[in-house]
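Hi,

Here is the structure I said I would pass on.

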Amino acid sequence: MSNNTSAQKKTRRSFLDFLLGASSVAWLASVLYPVIRYLKPLPRAGAVGPTRLTREELAKLEKDHFVIVPVSGKRVLVLRNAAQEVLAVDAKCTHEGCTVQYLAAESAIWCACHNARFDLDGRVLSGPPPRPLPKYAAERQEDGGILIVAERRQNE
Amino acid sequence: MSDPGGGRSLRGWLDSRYQITPLIEFLRHKEVPKGQHSMVWYYLGGTTMFFFMVQVVTGVLLLMCYQPGEATAYESIRYLTTKVPFGWLMRSIHCWSAHLMIISLVAHMFSTMMLKAYRPPRELTWVTGYILFALTLGFGFSGYLLPWNKLAFFATSVGTDLVKSVPVVGNWLLQVLRGGPDVTANTLYRFFALHVVILPLAFMALIGIHLLFVQRQGMAPPLGAKTAPRGMKFFPSFALRDVLLWLFCFMVLLVLAVFLPYGPGIPGMDWELGQKADALAPAFPGIKPEWYFLWEYQLLKEFPPHLFGLEGPQLCLLVVTLLLAIWAVIPWLDRQAQRDEPSPGFSDFGWGAILFLTFLTLKAWDIGATENVASAASIKIISRTCAWWTLGAGAAIIGVRVLIHGHRWFFLTGAALLHVALHGLFGLSYLAAGAIAAILAGACVTANLLRNDGIKANAGGAR
């Protein structure tokens, strides 16, 4: 009889313990969720779609052989190679996210941070980057302007 | 007349209310052990705290001028250093003190390591110190971004980008840290909050715990001291020496801050404001992080794009995390020190770690570089030059340990030197050389352990 009561007590106690634990976890979650949600940034609003180079950017491209422009919230390296073709690749190095540059003399794309080299299609030539730079489509227009198409093509 | 306030003196007044006599008695009897080893190591925690206090004072002063924001951060620092009376000095002291604090902290940590002061009952003092060290690096890293110049921008881009290699939550963590997919003004706001509120609060709480532990247990006596060592009175003898040393540190700090307001000009110790951050400018040649992150910077360069099915940076993060995790739990690994016996293996581990970091740091500094620093030929020469310097340092360390301390345990420093020699002198890749050295060291340490166990078993049998 007394055994029975203590067993009953035990199950009642463990049930209450469970209830207390579960409600503590639920309480904690309901406090933490807004904080976590607050810290996670909103997706960036901004123009998406094809981007036309501005007059200043075109001038910079003429002068330096390359320019870095914002396209749909990304940094894109637009360069003019030796054959005067315009090419565009993502400017964010796939290694640790530095901004790459075009070395006209070596006809290569170079990241100064950890000495990585890419060819003009974004393929890794040397250094630590694990992936090629994504390519963008660059179109020369009839009026001499340059249009960068935001949809990037996956490299082969 | 009965006075509930007790005695007439202030002390009596306080004592009757807050019972301060036991506290005063405790401080009066507090002693610092005088050991066989030099007492200089007991002062390094104090100097670290001194530099931290300088950081708090100058930090608050800088805060009165600094305005975080895309259009104001850089401008306010420029105004501070060029227009505000002694603004340049406050910034210079803040920067110098940060570097000196880290130097002092690294020396404090390694001396604790070498003297095995982490052994029971002081394991948690080591762990709190370890967290304080991590927080200090966090201070350095977050403070670096605040001037919002080009160097800060890329240093933060690279430093935070490594977070994406964390499994599962990496991308989420990166977004939370940066306040978006890239480093923007949002990152600046977050780092500002981190640098001036979150880290200082955490740091002060932990330093309180760390000091409480030290006060409760006293400073660690020398290893293997059979009898209670003779002590030096904390008040006034040790405390006055502390103050004297802090005064000396302050003078050194002021001289450096006045005569070299933008740092000594070596890469990683240079805080010239330079140009404003520009997200659309490429990273400039020769860009490097602060000197205490150079080893990590160089390690990132040494990892190939892919290895064992992981990306280079992921594997690099894994290796670094593993090494840092071992460092955190040393008090539980070092069984000999737990028994109050010398543990030469762990001294050797400490020295091996120093040599490992030395080589990477020297290499990141491009010691011995030819004109075209980034060329393959130049990198080879840099590796060779740095290998010779590290081997020289290693030989000196081993010499001192053999001749002065009579140490006979060199597997890990040996492995670190073999690693450097294979890589720098014989042209093996950094990782291949490291793997060979690590396997050899592992084999030697295991053989040594088995042999020791054999000797112990034999001794037990003979008895």
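**What I found**

Setting aside neighbours within four places in sequence, A:Val76 is in contact with A:Ile68, A:Val69, A:Val71, A:Ala88, A:Asp90, A:Ala91, A:Tyr136 and A:Ile148. Please keep in mind that this is a predicted model.

A:Val76 also turns up in the largest nonpolar core, which holds 120 residues. Together with A:Leu77, A:Val78 and A:Cys111, A:Val76 touches the most other members of that core. Helix 5 of chain B (residues 87-115) supplies the largest share of this core, 12 residues. As background, nonpolar side chains in soluble globular proteins tend to be buried together.

Now for chain B as a whole. Its secondary structure comes to 18 helices and four strands. The radius of gyration of chain B is 25 Å, close to the 23 Å that the globule rule gives for 463 residues, so chain B is as compact as a globular protein of that length. The C-alpha trace spans about 85 × 80 × 45 Å along the principal axes of chain B, and 35% of the 463 residues count as buried. Among contacts in chain B between residues at least 6 apart in sequence, 69% join residues at least 24 apart.

Finally, the contact between the chains: 29 residues come from chain B and 24 residues from chain A. On the chain B side, the elements giving two or more residues are helix 7 (150-161), helix 8 (170-178), helix 11 (294-302) and helix 12 (312-328).

Best wishes

Technical notes: Residues numbered from 1 in each chain as written. Chains lettered and ligands numbered in written order. Predicted model: local features only at pLDDT ≥ 70, side-chain atom pairs only at ≥ 80, totals over all residues. Rg over C-alpha atoms; globule rule 2.2 N^0.38 Å. Buried ≥ 20, exposed ≤ 12 C-beta atoms within 10 Å, placed from the backbone. Contact = placed C-beta atoms within 7 Å. Core = buried A, V, L, I, M, F, W, Y, C linked by C-beta atoms within 7 Å.
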